[in-house]
Amino acid sequence: KKEDDVFRILFVGRLSLRKGIPYLLQAWNELDLKNAELLLVGSLSKDVRPLLGRYRRKKNFELRGYLSDPVKVFNSASVFVCPSIEEGSALVTYEAMACGLPVIATVNAGSLVRDGKEGFLTPIRDVEALKEKIEFLYENAEKRGEMGRAARERVSSFTWDRYGDNLVKAYERVAS
């Protein structure tokens, strides 16, 4: 359960160019939302260090390092954003959904999110699309809650046990 009324955007993962961090930072900076915060959690790649210098002094921006157990930060967030340029299937999107967060992800993030149901899918490198979806969820708390509940429900069947069972079945089909 979220314990405050701050609209908090969360990113968890390696802070790097390929994760789309420059586009998220630009979108966040241009939005300038009231009673809102951007929280970036993860190890810092050298390629984004110079970029972060421009944003570090903003009051509504927080940079944290790697966390071995990020559940508390997931639970403190309003929305999870995964603006990846290239990705397999980002585990953090599953974790965010399991914590009941709507997810804004790029089409390249490999997310389970269905556009408009558990969150939104945006094109890569599209600052305007990120801004539009963040602002929509900022202004529509009820829809944000609906999407968060839908995200939790959708991801609940994607367990490691189910994955293992499906993998064994695939091997059995190939072997027979």
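**Side-chain contacts**

Guide: A salt bridge joins Glu 37 to Arg 8, with 2.6 Å between the closest N and O atoms. The model is a predicted one. This pair links distant parts of the chain, since Glu 37 sits in strand 2 (residues 36–41) and Arg 8 in strand 1 (residues 7–12), 29 residues apart. Both Glu 37 and Arg 8 are buried.

Another salt bridge is formed by the side chains of Glu 30 and Lys 131, at 2.8 Å from N to O. Glu 30 belongs to helix 1 (residues 21–31) and Lys 131 to helix 5 (residues 127–139), so this pair ties together parts 101 residues apart in sequence. The relative accessible area of Glu 30 is 38%, so Glu 30 is partly exposed. For Lys 131 the value is 15%, and Lys 131 is therefore buried, as the limit for buried is under 20%.

Arg 114 and Glu 118 also form a salt bridge, their closest N and O atoms lying 2.5 Å apart. Arg 114 is partly exposed, at 38% relative accessibility, whereas Glu 118 is buried, with a relative accessible area of 1%. Salt bridges with shared partners also join Asp 4, Arg 8 and Glu 37 into one network. The count of salt bridges in the model comes to 11.

Now to the aromatic rings. The model has 3 aromatic pairs. In one of them, the ring centres of Phe 74 and Phe 80 are 5.8 Å apart and the planes meet at 35°, so the pair counts as tilted. Phe 74 is buried, with a relative accessible area of 2%, and Phe 80 is buried at 0% relative accessibility.

Phe 120 and Phe 136 make an edge-to-face pair, with 5.6 Å from centre to centre and 90° between the planes. This pair, too, links distant parts of the chain: Phe 120 is in strand 6 (residues 119–122) and Phe 136 in helix 5, 16 residues apart. With a relative accessible area of 8%, Phe 120 is buried. Phe 136 has 31% and is partly exposed.

Phe 120 has a charged residue over its ring as well: Lys 133 lies over the face of Phe 120, at 4.6 Å from the ring centre.

How values were computed:
Residues are numbered from 1 along each chain as its sequence is written. This is a predicted model: local features need pLDDT of at least 70, side-chain atom pairs count only at pLDDT 80 or more; totals for chains, interfaces and linings use all residues. Side-chain values use heavy atoms; hydrogens and water are left out. A salt bridge is a side-chain nitrogen of Lys or Arg within 4 Å of a carboxyl oxygen of Asp or Glu. Helices (H or I, at least four residues) and strands (E, at least two) are DSSP runs, numbered from the N terminus. Buried means under 20% relative accessible area, exposed over 50%, partly exposed in between (1.4 Å probe, protein chains only). Rings of Phe, Tyr and Trp (its six-membered ring) pair if their centres lie within 6.5 Å; planes under 30 degrees apart count as stacked, over 60 as edge-to-face and the rest as tilted. A charge sits over a ring if NZ of Lys or CZ of Arg is within 6 Å of the ring centre and within 35 degrees of the ring normal.
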